[in-house]
Each structure stands twice: as structure tokens, then as C-alpha cells.
Amino acid sequence: MISLSHVSKVFEGKRKATALEDVSLEIAKGQVVSIVGPSGSGKSTLLNLIGGLDRPTSGEIRIEGENLAELSDDDLTRVRRDKIGFVFQFFNLLPTLNCLENVALPLHLRKWPRKKIEARAKELLNLVQLDHRLEHLPDELSGGERQRVAIARALSVYPPILLADEPTGNLDTHTGQEILKLIEDLHSRLGSTILIVTHDLEVANRCFRTVSLRDGRIVEDRRR
Amino acid sequence: MMLLRLLSWPYLRRHVLRWTLTLAGIVLGVAVFVAMHTANRSIFSAFDKTIDQIAGSAQLQVSAGEFGFDESILERVQAVPEVGVAVPVIEANVETKIPGQGSILLLGIDMTGDRSLRDYELKDADDAIIDDPLVFLAQPDSVMVTKEFAERNKLEVNSRVPLLTIDGEKQFTVRGIMSSAGMTQAFGGNLAVMDIYAAQQVLGRGRRFDRIDIRAKEGITVDQCKAAVKAALGESFEVETPSARGRHFEGLLRSYSTAMTISSLFALIVGMFIIYNSFAIAVTQRRSEIGILRALGATRGQIQRLFFLESITAGFVGSALGAFAGVGMASVITTYMSTVLEQTTGFAQRVTELAIDPKLIVAGIAIGVITSIFAASIPARSAARVDPVQALQKGKYQVLSAGENRRRRRMALTVSLISVACLFLSYSKLFFYAGYVLMIVAGLLLAPALTLLLSKCLRPILKQLLPAEGTLAADSLVQAPRRTSATVSALMLSLAMVVGFGGFAHSFYTSVGEWMDNALNPDFFVSPSANLVVRAITFPASIRSVIEHVAGVDQVQLVRNARVSFRNVPVMVLAIETEKVSGTVHRMPVAGTTEEMNRLTGQGKGMMVSDSFAQIHTVRMGDIVELPTPSGLLKLPIVGIVRDYSDLQGSLLIDRSVYTKWWNDDTANVARVYVKKGEDVGVVRQRVIDALAGHHGLLVLTNREVRDWIMKLIDQWFALTYNQIAVAILVAVLGIVNTLTVSITDRRRELGVMQAVGGLRNQIRRTIWIEAFSIGVIGLVLGTALGAINLYYSLGMVKRDLGGLDLDYIFPLAFVAFMIPTILAASFIAAIGPAESAVRGSLVEALEYE
């Protein structure tokens, strides 16, 4: 499903900074994998590379057999929109769009028919139990509710891969638990492959597999 | 200062292009301002210099407008005991037929007495020519030219110089070359001197002089001499010092320079919005830097001062460059304005050096700096308001450019109401201009609210057209009306200016077109020159019979026009054959009835005046107009006010019989010729040309040629204005670039999210393009609305203070129709760069952007 082979990422600047060094990783379909490590260990960089938001300096990343390095920017975007859903720590909802519009945005970008878009967006918001908040703007929602909207948006096309960067990092413990439960529910219902970047061990322990990073290298790959 | 060096300088170095664009706004405004005033000053100064240089040691000059006066006046002046020296002068701009030399100032002087006033400093032994005037007199084709003119055209003594005279092109012989000193500097050296009696002949002046130059007797003051001459000649002659005479001409350019000043100020105001935008960007981009400074203990005042210092620096650099560029532009504009002036008024002037006024340069720089400080004041206040907690907190974002102000809206409404109230009191100049200024201010104050309203109106339309890109583009505008409104305001002002000037031009063209249809309807015109404003050469009335005898000619109407002084301003007098003219011309009456005004004017019992004359000089029906003539003060009542565009400063129409009697002159400068019905105009014209060939160098111009020439003059008059409009539009486009740059900076994360969830590059680009188009559309709507109001005030201003023209309000629909695609195309072009920068940046950085 996801395959990384000798992937390195170096940030060029006045001083070179190596974020990832010779990382190889195979993630099978349907797995829920947590990526842990201290700050600066390269976990977010790894997620960004898998999500096609960034390109590796060297090495190869394949998503369902497709080599991301060989794709143009627009093709990379197409992979992202068809196969990957993102959940961010700070939700990244568009403040001027209401819940329904936020969830519908990726579908509009895919040029789905309008009726189908509305039905799907409502269905997803129903799935994350926010069917009563369709017309609300992000500012009118709690942190947990915003993250639910973000998850609904990430799932808008039912992508086979869901990438979550600290999905509970900006939430209180109780709300964080609720979000994790939601992700687990969705996994059991949709069977998506899920990667969660976290520094919360409790979150990591709830995953099937935990990959630990330190100084840009995988130091542990533990399965339960 | 330390902060300026540590923080501002590195930021400036990172954004050189943007600051260059910002400075361009100030540079343009100041440059146009300095250039226009320098050009104006240079022309006036050249006028004064020429008059002074030609005057020699003359202390007073006697004149009676352009019509001149009989030779006998000279004896009356010379008989005045206080007068030491009195010599006659004829002065005319005549066309040289030397390629590239244009016109030359021909000075006719009395060789026997003139050297007591003027020194000709002839080269080598040429003095003999003047020492023995008979040598000169014996050869009426003799001229003396300046050393500059001779060198420029490789002329020597006995060389031949072709000049246009009453008899057409005629060769003159150079008998002497004047050294470079004193009067030879006049008119850029394009000066020729000839015997006054020869000049009378070649210019068709009869036994008339243009002027008498006087020096008072020793021991007599200039004032005493002036009083004595005035007493001897009566009120019908002007007795002035040479410098006072020069000042009369300033009025001719006043309306033009005022219009230019207004448009340069418009450009400066539009530039102000660009500066505002640039500082708004700077504050947006430097939020975290400001947050750190605040966290480290910098006070709000220190932050505000930092931005003020930046604005002063930018203002000073931009203004200094603008002043420098303005001086450079001035020489081009001076040449252009001299041409316009010569072609519209007949007063030629050669400007050889620019009159650069240090005070003007300082004023230009001061205006630029003040504009810059004023424009930066709101962003500086926003910078001071940056909350250090929000600025430094990850994931928090303080949108500084957002927000709408209820107080401002209330103020806008109040200002609008006062402005409307001023309309009712607009008979007073103060209230009229106060209303105008307040209406513009109200427009600017309302711009953010109206921008918001229109953005909200656009949202559902855009959402319907392109649900993702359209919605986000509209939301971007809705989110930050102040950010958008700066550019919309710039665009609105530019368009208001375009609509105002365009509407004025359109109304003017329409009115002049109607006037030409009514008044300029002869089949052809006979004139000594292709340029109808040249009045230096006249032809005798006997020409009438030559033309009338041509087969196919139905009617000939002679016209003599010239400027005379009315209330110390040169005004155009047209001596027409009223009875004949009334049968062919149907002037549009503004006051009085056509039949009555024609009857009374024809009987010599009154005169008609143009509405612009009536407006400029605040005269009404029945008022007595006093005109100085060689036979005394001519007093005639106004018996009709008509639409007439013969001269931009207004015109007076008297009957030819009145002119002949009072000026003792029966010459003419134009013959209006009508062809009999059924005759071929082209054939008759050729017959007239044949009839005039041989004994007169007159031209026969077709109606179309004259109309085209007038239209060309108007085009030239408006050309500089159009250039200024282009400058204003350019400045507004810079504004759109800046706004989109701020918008993209403000929405970097938003655009990143859009890409992260599947937005293709073209979809991101489209979002930016739609935003730019929307700004263009809103600017067009508001600009057209404000332009419609501006047009009303512009026409009012033209009527009151810029030529007294009473033009109908005609909204320039075609102009606006042209501006729609122009502005939308400009918006698209302005969006290309920002749209590319939006899709080129790092997605990861965009998603983490604070």
C-alpha cells in the first residue's frame, strides 16, 4: 500500500538540515500505524512526504505502486485528492466556509455533480455526528467539533489512506479521546490505512503498529 | 533609527521589487506635478524673457491689441514732451520655409531711430548696413538674423532665407548677422529683423504699426511718462511696461495648467493608496517580527514610529526621484505645451531653457513625503496594534487588514449629506468646491462598506459559476474589506478621473461638433495660412471681388479676427459681416433671440459674446463692453450670448463695419466662401485657387480640412490628459498587484489547504484571477458611479474656472464600455504574478504558516 525505500530529506539553507535519513518502510493496506518520536525527529516530514505535500531529496515513495517522484505537481495533487485524506493538528478549516461547504470543498475541486456533493457532505457530517451543525462556521464550533469536520473533509472521497498529524494535539484529553474513538470507528467501518503522527504514547499504544523515529532514522518498528 | 537599520533595511532588501513599485506610485505623482508646473513656468518665463529681450531699453510699450493702429499715432506719441525716444514696431511669427525651423519671430523696426533703444551688435563690418539705413531701405528684401539662427542654418551675409508672406513664400536676403547678446536670445534665437515699412508690405499690414516702444526723457520717471502718454492717447491704447505686457499671456495657459494640476493631484492620491497597500503588506508579513519586538519590550509608539520613519524615508526617496524625473519630463511637456499653445492661440514661443524653481522642487518633495506619511498612518497604527501573544502563538492568526468601521460609515454618510447640501449652495464658489472635495472624500470613506456589500453580492454569483474557486475568491474579499478597499479606492479614483475627463472630452467634442455644423458651414475657406489661428498676415478686402468673380461662387464673407485687451486679458474679437453670416449660420443662442441679436449687431448697435466670455468675465445681456481701438474706446452693449468655440478664452462678435470704422482697417484674415447650389465644390475651389494664384499666397482650405484641423487641435489639447489617465490606471494596476500579494500572504495557509485537499494549480490560479476580476468589477462599478458625479463637478469647474465653457452633461457610455475590458484585462495581468507565486511556494510551509 505505502512503500518507502531509502528515503532521505535534506533541507537546504545556510546550514543543511537532514530531516530524514535512509528511511525504508512498508505499510500494508488497512493498517493503523502511529509514528512517534521527539520534536525534530522527522515524523511530520515523513507524513508530508507520504502525503505528497513535499518531495524527498533521495529515495523512492510508492503509493499503491505509484512512484510519487515521477509525478508532476498536478499528478501528485491528483494522487493526494483521490487516495489520501489529511487531518491536521490545527484543523485547517477554511474560516469563511460553513461545515457543509468545508466538507464539500474537495468534492467541488474534483468537479463532482452538485447534488451528489451535497448528499455526500451531509452523509459524512452525519458520520462524524455533526449533522446538526451543517450551516455553522468553524468559529462557532468547539475544538473537537472542528476536528470532526476536518476528519469528515479528509474522508470526503473515502480515500484508502488517512494521514493525521497530531490530530489530538490541540484538544483537551477528553475531546482527544473522542476523536481517537471516531478514527477507530471509521477504520473499522471503512477499512482505510491510517497513519497518525503523535508524541502521545497513549495514542500510539492504541495503534496496531508504532514506528519510532529519532534524528531522522527509524529506531524501532513495533507491532502489536 | 537603530530599528530602521536593523529591521527595515533587511526587509527592504528582501522585497526590492515591491518597494520599487511603491516608490513608482510616489515618483509618478510627484514627477507629473513638478513637470507640469515647471513646463508652465518655463513657458511663461520664455514669454517674459522674449518680451524683455525684444524691448531692449524700452521702458514702456504702446499697443492696441493685435489689430495694431495707424501710423499717425507715432507722431502723437513722439509729440508728448515726457517721451525721450518713441519708435514703431511690427512683431509677427512667420513660418520659415527652412525645414525643421518652424516659425521665426519677425521684428519690423524703423532703421533710422531704433538703435537708440536696441543694440544689434552686428558682426564685423555689417554695421555699415545699419549705419546707413538707406542701404537697408533700398533693398526691401533685407533681413538681419541672429548668429544662432545663421549657424543653425549655415547662413552667411547675402544668403537667402525663405519666409511665408502675404504673397506666399518669398526669398529674403541676409544683410547682417547679429551677435549673441540681448535681444538675439529672444525666441530661442529664431529672430529676424527687417525694415518696418517692408514688414508692413510683406505682412499685409497697410499703414499700421503693432506697437510703439518708448524710453522716457532723462529726468522723467516711467510713471510720469506713462501718465503723459495715456493722457495724450486716451483709454483706447494700452501703455504698459514690457514685463506687465507679458503677464497678460499667462491667462491663456491658466485653464490648461489648472486641469493638469488637478490630474497630477489625482495621480498622487491614487499613489497614496499604493503606499497604503505596500505598508499594509509590510505589516502583514512582519507580524511575527513585530510580535517579537513587542515581547522584548518595544512600546506601541516605538513600533508606530518605526513605520512612520519607513514611510518618511520611502516618501523622501520617491519624491526626490519624482522631482528629478519631473524636471526631465518637463522639457518634453514644455515643447508639447508650446505647440498646443501656438496652435490654439496663435502665440508661438520657443523655450530654450527650463525655469526650474527650487521652491517648486521642495513643494513637490514635501507633498510626496506628506502623502507617504498619511498613507502609512493606518498600517502603522495596525502594526502598533499587533498582539504579541497572537503573533507568536503557533496556529493563531491575527488578520490585521480585516475589519469594517461603523464610525467611518457614519462619517461617510454625514460627509455625503453635507456635500449634497453644498450642491444647493453651489452658486458660491466656496460651496461648489467644498461639495466637490467632500463628495470625493465621502466616496473614499464609503468605499470599504460598498466593497463589502458588492463582494457579498458577488459571492452567490461566483459560487454558482465556480463553487470552489469562486466562493473562496469572494470570501477573500468579504473577509478583508479594508485590504481590498484600498485598491478598489485607487481604482475608483482613477476611473472617476477617466469618466470625468472622458465625459468632459466627450461633451466638448459633441458641442464643438454641433458648433462646427452650425457655424463652420462654408464650402471652403481662404486664408494666408493653413493654420487659421495665425493672424500675423492679413489680406486686403479687394480679395473679395477676386473670389466673387469666380464662376460658381455664391457668396464670400470676410472675417477679421484678432486679440484685444479686455480688462487686461487678451480676448478674441471676430469682425463678421453679420447680415450675410446670419443668412448662413445659425448660432445657438444662450441668451437673447437670434433675429434680434443679428439685427442689432449688424446695425453696429451691439455685439454678441460667447457664453464662455460671459462666464469668464461675468457679463450679462445689456452690459456694456468697452474695447480699446485706435479711434477711441468702443462701447457696445451685449445684445446676445451664443455658443461659440472660436477661442477657448471666449470671443466677441462685432460687425465688420464697426471694425472698419473704429480700427480704420479693412483687411481680413479669413474669407468664408459658399458655392452656388448644384455647382461642384471641388471644381469651384480649383477655379478660386487659379484666380488667387499669381498675386497672393493665399490657401484655399476645404471645409473638411478646417474641421480636421480643429479636431486635431482638440485632440492635442486632450492628449496629455489621456496620458495622465494611463498613468493613473497603471498606478491602480500596481495597487491590484499589491492587494493580491497581501491577500495571498494573508491566505497562504488557506491556499495551502486547498492544494492539500486536492486543488490543482490551475484551480488555485483561477481563485486568484477571480479575486482580481472581482476587484476590477467592484472598482468599475464604484468608479463609474463616482465618475458620473465627478463629471458633473468637472463640467461645473470648466464652466466656472477653466474657460467658462457651458457644456451639456453627456455620460460617456462609449468610454465606460471601453474601460470595462481594459480594467478587466489589466486586473488579469496584475493577477498573473501573484497567482504564480501562490502556486509556486512550499505547501508544507503554507500549511504551517502563521
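Predicted model: local features only at pLDDT ≥ 70, side-chain atom pairs only at ≥ 80, totals over all residues.
Trainee: Which residue has the backbone oxygen that the side chain of Ser372(B) reaches at 2.7 Å?

Mentor: Residues are numbered from 1 along each chain as its sequence is written, and chains are lettered from A and ligands numbered from 1 in the order in which they are written. Ser372(B) lies in helix α13 (residues 358-384) of chain B, where helices (H or I, at least four residues) and strands (E, at least two) are DSSP runs numbered from the N terminus. From that helix, the side chain of Ser372(B) reaches, at 2.7 Å, the backbone oxygen of Ser311(B).

Trainee: Is Ser372(B) buried or exposed?

Mentor: Not counting residues up to four places away in sequence, Ser372(B) is in contact (heavy atoms within 4.5 Å) with Ile26(B), Ile275(B), Ser311(B), Ala314(B) and Gly315(B). The classes are set by relative accessible area with a 1.4 Å probe and protein chains only, with buried under 20%, exposed over 50% and partly exposed in between. Since its relative accessibility is 0%, Ser372(B) counts as buried.

Trainee: Which residue has its backbone oxygen 2.6 Å from a polar atom of the side chain of Thr601(B)?

Mentor: Thr601(B) sits in helix α21 (residues 594-602) of chain B and is buried, with a relative accessible area of 0%. Leaving aside neighbours within four places in sequence, the residues that Thr601(B) contacts include Thr578(B), Val639(B), Leu653(B) and Asp655(B). The backbone oxygen 2.6 Å from the side chain of Thr601(B) belongs to Met597(B).

Trainee: How many residues apart in sequence are the parts that Asp357(B) and Arg41(B) tie together?

Mentor: The two form a salt bridge (a side-chain nitrogen of Lys or Arg within 4 Å of a carboxyl oxygen of Asp or Glu), their closest N and O atoms being 3.8 Å apart. Because Asp357(B) lies in the loop between α12 (300-345) and α13 of chain B and Arg41(B) in helix α2 of chain B, the pair ties together parts whose separation in sequence is 316 residues.

Trainee: Which residues of chain B lose the most area to chain A?

Mentor: The contact takes 29 residues from chain B and 26 from chain A. The buried area, meaning the accessible area (1.4 Å probe) that two parts lose on being put together, summed over both, is about 2,500 Å², with 60% of it given by carbon and sulfur atoms. Together accounting for 21% of what the side of chain B buries, the residues that lose the most are Val757(B), Leu760(B) and Val844(B).

Trainee: Which helix gives the most residues to the side of chain B that touches chain A?

Mentor: Across this interface there are 9 residue pairs, both residues at pLDDT 80 or more, in polar contact, that is, a pair of N or O atoms within 3.5 Å where, within protein, one must be able to donate a hydrogen and the other to accept it, and residues adjacent in sequence count only if both atoms are side-chain atoms. At least two residues of that side come from each of α16 (429-465), α17 (467-479), α26 (748-756), α27 (761-800) and α29 (843-848) of chain B. With 7 residues, the helix that gives the most is α17(B).

Trainee: Why does the salt bridge of Glu101(A) and Arg459(B) join two chains?

Mentor: The side chains of Glu101(A) and Arg459(B) meet at 3.6 Å, N to O. The pair joins two chains because Glu101(A) lies in helix α3 (residues 99-109) of chain A, whereas Arg459(B) lies in helix α16 of chain B.

Trainee: Which residues do salt bridges that share partners join into one network?

Mentor: Glu101(A) also forms a salt bridge with Lys463(B), with the closest N and O atoms 2.8 Å apart. Elsewhere, Arg211(B) pairs with Asp213(B) at 3.0 Å, and both of these residues are buried. The one network consists of Glu101(A), Arg459(B), Lys463(B) and Asp475(B).

Trainee: Which element of chain A has the highest mean pLDDT?

Mentor: Chain A holds 7 helices and 10 strands, and its pLDDT averages 88, with 100% of the residues scoring at least 70. Among its elements, helix α6 (residues 173-190) has the lowest mean, 84, and the highest, 93, belongs to strand β9 (residues 209-214) of chain A.

Technical notes
Heavy atoms only, no water. pLDDT = per-residue confidence, 0-100.
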